[in-house]
Structure formats: C-alpha cells, structure tokens
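This report describes the surroundings of a ligand and the packing of a helix. The sequence and structure come first.

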Amino acid sequence: MSLIISKDIHKNFGDLEVLKGVDLTVNEGEVVAIIGRSGSGKSTFLRILNGLEELDGGALFVDGQLITGLEKDLRPLRLKVGMVFQQFNLFPHLTVGENIMLSPVQVKKIDPRQAVTLAEEMLDRVGLAEKFHSYPDQLSGGQQQRVAIARSLAMQPKVLLCDEITSALDPELVGEVLEVVRKLASDGMTLIMVTHEMRFAREVGDKLIFMHEGRVHEAGPPKELFNNPATPELAAFIGAVS
Ligand code: ADP
Ligand code: MG
C-alpha cells in the first residue's frame with residue numbers, strides 16, 4: 001500500500017519558489033534515499049511530510065488521509081510521521097530514558113510505567129539499553145543520535161524521516177548510526193532519508209530520489225541511477241560527491 005503520495009507539491013517562501021511540483025509515492029516498508037545539492041528543497045519537502053511546513057499547492061496523502069494545512073490534520077500527521085534531524089535536540093537536563101518517555105507520556109498520554117518499558121525497548125533497538133539513566137552529555141554524538149532515533153521510534157510512527165542525521169558527526173561515529181538505520185530498514189520500517197552517504201543510499205535504498213531546483217529530477221533504483229544517470233545534473237552531482 002502507498003503510505004505517502006505527494007502530488008505536485010509546491011512551497012514558496014515569500015518570492016522564492018522552493019518546491020516547484022514534487023511528485024513521490026512511498027510504499028509501506030520502502031526505504032527512500034533523497035540526494036541533491038544544498039538548497040534543492042530536500043529539507044523543506046521532509047518538513048512538509050511531517051507537518052512542520054504547510055504546502056502551498058498540490059496534494060499530500062499520508063496513510064490514506066488527505067493532509068490540508070488545518071491543525072486537525074496536522075496533529076494526527078505528526079503522530080504518524082517521525083523525524084530525526086542533523087542536530088539531536090535532546091533535553092540536557094533529562095536522562096536518556098526521560099527524553100524518550102517525554103512525548104509518549106505528554107502527547108499520547110500513556111501510563112508512565114508503560115513508558116519506561118517502551119523506552120527500554122526502544123533503547124535496546126538502538127543498542128543502548130545500558131544508557132537509560134545517563135545524561136546526553138555523557139554520551140558520544142553517535143550515541144546521542146541513536147537516542148534521538150529511539151525517541152522517534154517510541155512514538156511508533158508509520159514512517160521515519162531522517163534529515164542528514166550523520167552530517168554533524170565525527171567520521172568515526174557515522175557508521176554506528178547508519179548501522180541502526182540499516183537494522184530499522186531490514187525490520188521493515190518505512191524510511192525516507194536525506195543523506196550524503198552515497199554508498200549507504202546505494203546499498204540500503206529501494207528507491208533513490210535526486211532533487212534538483214525544487215523538483216524530483218530523477219528517481220529510480222539506486223544502482224541504476226548511480227551507474228547510468230540520465231541527466232547531466234545527476235551525473236555532475238555524483239561526480240562532485242564521489
Ligand atoms: P536543502 O535541504 O536541499 O539544502 P532546503 O529545503 O533547506 O534545501 O532549502 C531550500 C531553499 O529554501 C533554500 O534556498 C533555503 O534558503 C530556502 N528556505 C528554507 N527554509 C526557509 C525559510 N523558513 N524561509 C525562507 N527560505 C527558506
Ligand atoms: Mg537540508
């Protein structure tokens with residue numbers, strides 16, 4: 001089933017047309033990697049998918065539901081669509097466990113004792129079961145990002161959006177975060193990830209999207225696109241990053 005259908009999505013910031021008609025369909029369990037130059041609209045598109053930005057034109061369906069800009073649509077949308085950012089944004093005064101429990105308790109109103117169990121399970125999924133009582137500043141950047149992933153998973157989203165989640169990390173910490181994402185993918189999580197990690201996109205992605213100047217410029221199986229880019233823009237991009 002198609003979990004996300006984006007049809008001709010437009011977004012402007014003042015006079016600047018940032019998304020000029022983005023079409024994308026994502027099926028349940030699919031891993032979509034989005035690549036493209038800085039400023040091509042990748043983050044804006046992800047932010048629209050989880051209701052952080054309103055769209056100015058086109059249509060978005062998530063899990064069968066048409067999303068308008070109305071708050072009554074955005075609240076359920078944010079529950080269905082999790083997002084992990086380049087910056088981990090953990091609360092420094094809360095333990096790792098408390099960071100993960102916060103939204104399930106405050107937003108979903110689940111029982112705090114149940115939230116403890118949930119947080120333990122999610123931490124285990126990212127390989128950090130023993131860090132429940134640690135504070136964020138006692139962890140490496142890679143571990144903090146894994147906690148941020150666990151925090152998103154605790155809301156049990158239908159799809160997880162990742163926006164350059166390894167870009168702020170020291171190179172030696174990138175692998176452990178990608179390993180967690182790889183495991184989520186093989187567990188069947190629907191993932192849409194903006195990434196600079198071309199090898200990862202190629203190996204883990206079911207579908208590759210090359211965004212260029214606010215549009216999906218090329219889309220298809222990652223290996224095909226990397227081996228045979230159809231447009232000079234994608235060829236130039238691959239040449240520049242590899
Ligand atoms: P990418 O993630 O591909 O680097 P972005 O989606 O962040 O691209 O940005 C696309 C364009 O939109 C850029 O020109 C950026 O400066 C502009 N932009 C993004 N967010 C805003 C905003 N809140 N206000 C004004 N311009 C924005
Ligand atoms: Mg971006």
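In this predicted model, the residues around ligand 1 are Phe13, Leu16 and Val18, then Arg37, Ser38, Gly39, Ser40, Gly41, Lys42, Ser43 and Thr44. Sorted by class, this shell holds three nonpolar, six polar and two charged residues.

Oxygen atoms of ligand 1 take part in polar contacts with the protein, among them those in the table.

| Residue | Polar atom belongs to | Distance to an oxygen atom of ligand 1 |
|---|---|---|
| Gly39 | backbone | 2.7 Å |
| Lys42 | side chain | 2.8 Å |
| Thr44 | side chain | 2.5 Å |

On its own, ligand 1 has 560 Å² of accessible area, and the protein covers 59% of that area. Two elements, strand 2 (16-27) and helix 1 (42-49), each give two or more residues to the shell around ligand 1. Helix 1 supplies the largest share, three residues.

Another part of the model to look at is helix 3. Which residues of helix 3 are buried? In this helix, which spans residues 96-106, they are Val96, Gly97, Asn99, Ile100, Met101 and Pro104. An α-helix has 3.6 residues a turn, so residues three or four places apart point the same way. What do the buried residues of helix 3 pack against? Their partners are helix 4, made of residues 112-125, and helix 5, made of residues 141-153.

Terms used:
Residues numbered from 1 in each chain as written. Chains lettered and ligands numbered in written order. Predicted model: local features only at pLDDT ≥ 70, side-chain atom pairs only at ≥ 80, totals over all residues. Heavy atoms only, no water. Buried < 20%, exposed > 50% of the residue type's maximum accessible area, 1.4 Å probe, protein only. Helix = DSSP H or I, 4+ residues; strand = E, 2+ residues; numbered from the N terminus. Contact = heavy atoms within 4.5 Å. Near = heavy atom within 4 Å. Polar contact = N/O pair within 3.5 Å; in protein donor to acceptor, adjacent residues only side chain to side chain. Areas by Shrake-Rupley, 256 points an atom, 1.4 Å probe, with all protein chains shown as cover. Nonpolar A, V, L, I, M, F, W, Y, C, P; charged D, E, K, R; others polar.
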